[in-house]
Amino acid sequence: MPSFAASLLDILFPPTCVLCGAAGVNGRDLCAGCAADLPDNRHACLRCAAPFADAMPAGMLCGRCQRFPPPFTRCLAAFRYESAVPSLVVGAKFSGRLNLARLLGQCLGAAVNERGLTLPEALIPVPLHPDRLRERGYNQALEIARVLGHELGIAVDAKTCARILATPPQTGLTGRARRRNLRGAFALTRPAHWKHVAIVDDVMTTGTTVAELTQVLIKAGVGQVEVWAVARTS
Ligand SMILES: [Zn+2]
Ligand SMILES: [Zn+2]
């Protein structure tokens, strides 16, 4: 049952679709029509969530994961990074539109619920370097993780991992250069006492960033690391 404060907020500020301005449904800033048009990523690699073509059978690993299994056990991405999704993600990241981060967290929470996964003990948002955090004022991955943690009842741990290198953007780099670019980018600031965590990010492209962070967590003794992303590029 929604709390009194939440229902009062809904009366004062009724949920409004961020894409078309119609009334939102399920307490989200998204209408039913626009929600149905978002490209879900259910048909994807079980391990890295790379989107599959329609002809590909379900329940498979992509060729890359068969040859080079990533360190994380599984990745779930709610959407493909196409149609209206890039504008929502970019708005949440750069325009300070925290209502978009909330909406993306709600959508990712719904995708997790729908798949009936065993939930992790903690959510670890991909940390931003302090310089980047100062520029932007907030970490969109943390904002998404906060909403998710609230929706699913999971602790959010934004203190154990830190980004200690301000790496240049990954865009345009080859796989090997991406890995080199990120080596040593993350470190633990205190012992990780979790057995099972999910790393939370907005967009997963090649997965190099989350793989690097996974390695750090595994080295620290975390047994199972999975990745939850709002969107996955193909
Ligand atoms: Zn709409
Ligand atoms: Zn894969």
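Guide: Happy to. A residue counts as buried under 20% relative accessible area, as exposed over 50%, and as partly exposed in between. Please keep in mind that this is a predicted model.

Let us begin with the zinc ion (ligand 1). Its protein donors are the SG atoms of Cys17, Cys20, Cys31 and Cys34, at 2.3 to 2.4 Å from the ion. Along the chain these donors follow the spacing C-x2-C-x10-C-x2-C. Cys20 sits in the loop between α1 (4-12) and α2 (32-37), whereas Cys34 belongs to helix α2, so this pair ties together parts that lie 14 residues apart in sequence.

Cys34, at 16%, counts as buried.

Now for the zinc ion (ligand 2). Here the protein donors are the SG atoms of Cys45, Cys48, Cys62 and Cys65, lying 2.3 Å from the ion. The spacing of these donors along the chain is C-x2-C-x13-C-x2-C. Because the 4 donor atoms subtend angles of 102 to 115 degrees, the arrangement around this ion is tetrahedral. Cys45 and Cys48 are both buried.

From the metal sites we can move on to a pair of helices. The axes of α5 (residues 98-115) and α7 (residues 140-152) come within 8 Å and cross at roughly 45 degrees. The two helices are therefore oblique to each other, and their crossing is right-handed. On the α5 side, the residues that meet α7 include Leu98, Ala101, Leu104, Leu108 and Val112. Among those in α7 that meet α5 are Ile144, Val147, Leu148 and Leu152.

Leu98 also gives us a reference point for a last stop, Ile124. The C-alpha atoms of Ile124 and Leu98 are 19 Å apart in space, and the two residues are 26 apart in sequence. Ile124 is found in strand β2 (residues 122-125). Its relative accessibility is 0%, so Ile124 counts as buried. Which residues is Ile124 in contact with, leaving aside its neighbours within four places in sequence? They are Asp157, Cys161, Trp194, Val197, Ala198, Ile199, Val200 and Leu217.

Conventions: Residues numbered from 1 in each chain as written. Chains lettered and ligands numbered in written order. Predicted model: local features only at pLDDT ≥ 70, side-chain atom pairs only at ≥ 80, totals over all residues. Heavy atoms only, no water. Donors = N, O, S within 2.8 Å, 3.2 Å for Na, K, Ca; no water. Helix = DSSP H or I, 4+ residues; strand = E, 2+ residues; numbered from the N terminus. Buried < 20%, exposed > 50% of the residue type's maximum accessible area, 1.4 Å probe, protein only. Tetrahedral: all angles 85-135°; square planar, octahedral: opposite > 155°, others 65-115°. Axes fitted to C-alpha atoms, helices over the stretch in contact; angles between N-to-C directions. Parallel < 35°, antiparallel > 145°, perpendicular 65-115°, else oblique. Left-handed = near helix turned anticlockwise from the far one by under 90°. Contact = heavy atoms within 4.5 Å.
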